[in-house]
Amino acid sequence: HHKVRVATLGGLPVGQVRLEYGATPETGEVSYWIGAAHRGKGLGRQMVQRFLDRLAVRKPHVTRITARVHPENHASQRLLLACGFQACDRSALGLAPRGRDRGDWQGFVFTR
């Protein structure tokens with residue numbers, strides 16, 4: 001089960017944030033993308049932060065959110081840190097390889 005929100009600017013989609021609910025009710029994994037033409041403007045950070053703020057109100061029981069980032073995607077790493085995530089050892093997060101992540105992506109965790 002997951003929740004997806006589309007971010008718009010001037011009525012046009014510019015990105016997306018997705019929360020995949022975890023194995024327990026208090027956990028989830030966030031993922032996101034921002035269109036290439038809209039990167040570097042702070043929109044991704046705003047998009048993720050608003051999503052987290054809304055989640056805190058609507059799903060207050062979700063208190064541990066993980067994320068994974070390609071090791072060379074420094075912008076995404078900075079985005080997560082700016083939104084209150086902390087870099088964390090993957091094994092502590094229980095992030096198994098999947099998709100393009102073969103187990104070498106950086107793990108992040110947000111707790112409240």
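Arg90 touches Arg68, Leu95, Ala96, Pro97, Asp101, Gly103, Asp104, Trp105 and Gly107, leaving out residues up to four places away in sequence; touching, or contact, means heavy atoms within 4.5 Å. Arg90 belongs to helix 3, residues 90-93. Helices (DSSP runs of H or I, at least four residues) and strands (runs of E, at least two residues) are numbered from the N terminus.

Before I continue, a word on the source: this is a predicted model, in which local features need pLDDT of at least 70 and side-chain atom pairs count only at pLDDT 80 or more, while totals for chains, interfaces and linings use all residues. Residues are numbered from 1 along each chain as its sequence is written, and side-chain values use heavy atoms, with hydrogens and water left out.

Is Arg90 buried or exposed? Arg90 is buried, because its relative accessible area is 11%. The cut-offs are these: buried means under 20% relative accessible area, exposed means over 50%, and partly exposed lies in between, with a 1.4 Å probe and protein chains only. The side chain of Arg90 also makes a polar contact with the side chain of Asp101, at 2.8 Å. A polar contact is a pair of N or O atoms within 3.5 Å; within protein, one must be able to donate a hydrogen and the other to accept it, and residues adjacent in sequence count only if both atoms are side-chain atoms.

This brings me to charged pairs. Side chains of opposite charge can pair when their charged atoms come close. A salt bridge here is a side-chain nitrogen of Lys or Arg within 4 Å of a carboxyl oxygen of Asp or Glu. How many salt bridges does a search of the whole structure find? The search finds six. Arg18, Glu20, Glu29, Arg68, Arg90, Arg98 and Asp101 are linked in a network of salt bridges.

Let us look at some members of that network. Arg18 and Glu20 meet through their side chains, at 3.5 Å from N to O. Arg18 is partly exposed at 23% relative accessibility, and Glu20 is partly exposed at 24%. Glu20 also forms a salt bridge with Arg98, where the closest N and O atoms are 3.1 Å apart. Because Arg98 lies in the loop between helix 3 and strand 6 and Glu20 lies in strand 2, this pair ties together parts that are 78 residues apart in sequence. Arg98 itself is partly exposed, at 39% relative accessibility. Arg98 forms a salt bridge with Glu29 as well, the closest N and O atoms being 3.4 Å apart. Glu29 lies in strand 3, so this pair ties together parts that are 69 residues apart in sequence. Glu29 is buried, with a relative accessible area of 12%.

Glu29 leads us to Ala67. Leaving aside neighbours within four places in sequence, Ala67 is in contact with Glu29, Val30, Leu80, Phe85, Leu95, Gln106, Gly107 and Phe108. Ala67 is found in strand 4, residues 64-69, and is buried, with a relative accessible area of 1%. Ala67 and Leu93 are 26 residues apart in sequence, and their C-alpha atoms are 9.3 Å apart in space.

Next, helix 2, residues 74-82. Which of its residues are buried? Ser76, Gln77, Leu79 and Leu80 are buried. They lie on the same side of helix 2, because they cover an arc of only 160° around the axis; the arc is that of the directions from the helix axis to the C-beta atoms. On the other side of helix 2, Arg78 and Ala82 are exposed. The cover over the buried residues of helix 2 includes strand 3 (27-34), helix 1 (43-58), strand 4 and strand 6 (106-111). After helix 2 comes Gly84, with a positive phi near 100°.

Finally, the cysteines. A disulfide is a covalent bond between the sulfur atoms of two cysteines; the cut-off is a pair of cysteine sulfur atoms within 2.5 Å. How many disulfides does a search of the whole structure find? The search finds zero. The sulfur of Cys83 is 17 Å from the closest cysteine sulfur, in Cys88, and therefore too far for a bond. Cys83 is buried, at 3% relative accessibility, whereas Cys88 is partly exposed, at 23%.
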